[in-house]
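Hello,

Here is the structure you asked about. Please open it alongside this note.

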Amino acid sequence: MRTRGTLRLATRGSDLARRQAALVQEALEDRRYEVELVTVETKGDQIRDELIHQLGKTGAFVRELDERVLEGEVDGAIHSMKDMPTDQPDELVTAAVPERGRPGDALVTPDGATLGELPDGATVGTSSLRRRAQLLSERPDLEVEPLRGNVDTRLEKLLAPGLQEEHQERSEADKERKANTGDDDFEPEYDRSVDEWFDALSEIEKGALGREVETEYDAIVLAEAGLERSGLDHYVDYRQLSPTTFVPAPGQGALAVTAVDGETAREIQSLIDHPRSRVETAVERTVLAELGGGCIAPIGVYAVLQGEYVHASVTVFDRDGEESVTASRDLPVDRHVEAARAFAADLADRGAAALIEAAREDDAEPEREERPEGK
């Protein structure tokens, strides 16, 4: 048995990554283990102007953390599972899958509108090929624009135009109020001064006021788990997009701790692994691996353990959401990986492979105008 000491776990440095790593740290510390989080800046964090699907081809948010594990600098690494490539070095294993958060996506708007309530031609921001295709499949009239940055940055980009316009209106009203001081017949447009209004704003709203507006978004789509874990879900209006219809990315909402195959990995698994979450995400990632789409094609996979079966839903789109292959199947839990492979093979034969190959060819065209994550 390993001599108990401090477990050193690598994490990305973004606010969301640190918050997610803190959940793992807390779970281990609840079992009386000491945990040190080691922050690693990855290529995905350094290159701000590339799109997630391009970075994902090389596991830009994952590889460098796992390299630290393989080199023995840390005992393990904490990842958002949906960022993980389906291929791992032979020496590494997924030591633990803690209990999964909400797996679905969230539509965030300034006023809480649903997808159907967005105006014709509305601009929606997302950095995900899958979300883009699904949005256009339901609403072909939408303008889907790239959106990068941390969760707070993305929310600021959404809120900035409206808040800046309101700030301007309130500032002008304040000037008018001051100019009419002493006029008993003057009725101010606002009850509060612009300073009082500003002081009542949340930090995310104050950040939006100072942000330069490049694209005016009517809505953005984010992973609901990321929104909640960032602690920002109480400061914005959003609508849940049902994972059974707006099928999420494989592993979305789940975390994973990777470690070198051995005693430490088994120890971490015994402490914080959540069997249901492991089974469900194993099905999702197996389907993704067998289809081979990776970050190139819009693929949604969602699995739910239901008694002796795992109900799996899969949707594969072309990049514009005009064509799709969709299917659901109940997979026996006692051989869920094998059954997931067979399910993926059937989907490939039904046209999914052709859609993925077309996406791969599009991706290889150097002059293709780039489209938009992620996280």
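Two strands pair if DSSP finds at least two bridges between them. Helices (H or I, at least four residues) and strands (E, at least two) are DSSP runs, numbered from the N terminus. This is a predicted model: local features need pLDDT of at least 70, side-chain atom pairs count only at pLDDT 80 or more, and totals for chains, interfaces and linings use all residues. Residues are numbered from 1 along each chain as its sequence is written, and side-chain values use heavy atoms, leaving out hydrogens and water.

First, the sheet. Strands β3 (residues 76–80) and β10 (residues 255–260) pair in the antiparallel sense, over 4 bridges. H79 has A256 in β10 as its bridge partner. Both strands belong to an open sheet of 5 strands, ordered β2-β1-β3-β10-β4, with mixed pairing. Its edge strands are β2 (35–39) and β4 (92–96).

Next, the cores. A nonpolar core is a set of buried Ala, Val, Leu, Ile, Met, Phe, Trp, Tyr and Cys residues joined through side-chain atoms within 4.5 Å. Buried means under 20% relative accessible area, exposed over 50%, partly exposed in between (1.4 Å probe, protein chains only).

The largest nonpolar core has 27 residues. L291, I299, V314, V316 and L347 touch the most other members. Helix α12 (336–364) gives the largest share, 9 residues.

A second, separate core has 22 residues, including L159. L159 sits in helix α6 (residues 151–179). L159 counts as buried because its relative accessibility is 14%.

Best wishes
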